[in-house]
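Visitor: I am new to protein structures and would like to learn how to read one. Could we walk through it together?

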Amino acid sequence: MADNKYNKENESGLTETVVSVNRVTKVVKGGKRMSFNALVVVGDGAGKVGCGLGKANEVQAAIKKGSTRAQKNMISVSLRNTSIPHEIMGISGAGKVLLKPAVPGTGVIAGGSVRAVLEAVGVKDILTKSMGTANPFNVVYATIEALKGLRSKEDVAKIRNKEVAEI
């Protein structure tokens, strides 16, 4: 498993980060058939992020497929200034990720897979802890799940049919 990480801006202005590229071998009657899968994170740096898994016989084709899937699966994240509105835990499989808001100037305190997602979404100040597995697939999916669960004060007030001052 190679952790090839690179950032690239694609033609639509989104930042594309390859988190992981795996070589997969299938044993068939005539020998071994090799293919690749790539986990790609795409974001606009202003509150939208998505991740996608691409599988193909060549690395570049797998990355391209992952990028298009990530663009189709983008979510909007509610941010507060350069951080997140509140503390939250995301779980996917055995991967657990804790995200905590931080004061401006802290920076992104995160490991590789979590950092890729948070930088793509545009978070500048955050504290994170990845617990459970170190599998980049589960960690990225857990981070996305945590970001999906974020709610701003305005969102909560709207759900409860109250004013922001009442909350």
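**Reading the model, feature by feature**

Guide: Let's begin with the inside. This is a predicted model, and its largest nonpolar core has 29 residues, among which Val 41, Val 49, Leu 99, Leu 118, Val 140 and Leu 147 touch the most other members.

Visitor: Which elements give two or more residues to this core?

Guide: They are strand 3 (31-43), strand 4 (48-56), strand 7 (95-101), helix 2 (112-121) and helix 3 (136-148). Helix 3 gives the largest share, 7 residues.

Visitor: What does Leu 147 touch?

Guide: Leaving aside residues up to four places away in sequence, Leu 147 touches Val 49, Ile 75, Val 77, Leu 99, Val 117 and Leu 118. There is also a second, separate core of 11 residues, and Val 18, Val 21, Phe 36 and Ala 70 are included in it.

Visitor: Now to the strands, please. How do strand 2 and strand 3 run relative to each other, parallel or antiparallel?

Guide: Strand 2 (residues 15-28) and strand 3 run antiparallel, and 13 bridges join them. The link between strand 2 and strand 3 is a hairpin of 2 residues.

Visitor: What is the order of the strands in the open sheet?

Guide: The open sheet has 4 strands in the order 6-7-9-8, with mixed pairing. Its edge strands, strand 6 (88-92) and strand 8 (108-109), each pair on one side only. Strand 8 pairs with strand 9 (residues 126-132) in the parallel sense, over 2 bridges. There, Val 108 has Ile 126 in strand 9 as its bridge partner.

Visitor: Which strands does helix 3 touch as it packs on the sheet?

Guide: Helix 3 touches strand 6, strand 7 and strand 9, and its direction makes about 135° with that of strand 6.

Visitor: And how should I read two helices that pack together? At what angle do helix 2 and helix 3 meet?

Guide: Start with the angle, then look for the residues in contact. Helix 2 and helix 3 pack at about 40°, with their axes 8 Å apart. On the helix 2 side, Ser 113, Val 114, Val 117 and Leu 118 take part, and they meet Pro 136, Val 139, Val 140, Thr 143, Ile 144 and Leu 147 in helix 3.

Terms used. Residues are numbered from 1 along each chain as its sequence is written. This is a predicted model: local features need pLDDT of at least 70, side-chain atom pairs count only at pLDDT 80 or more; totals for chains, interfaces and linings use all residues. Side-chain values use heavy atoms; hydrogens and water are left out. A nonpolar core is a set of buried Ala, Val, Leu, Ile, Met, Phe, Trp, Tyr and Cys residues joined through side-chain atoms within 4.5 Å. Buried means under 20% relative accessible area, exposed over 50%, partly exposed in between (1.4 Å probe, protein chains only). Contact means heavy atoms within 4.5 Å. Two strands pair if DSSP finds at least two bridges between them. Axes are lines fitted to C-alpha atoms, for helices over the stretch in contact, and angles run from 0 to 180 degrees between N-to-C directions.
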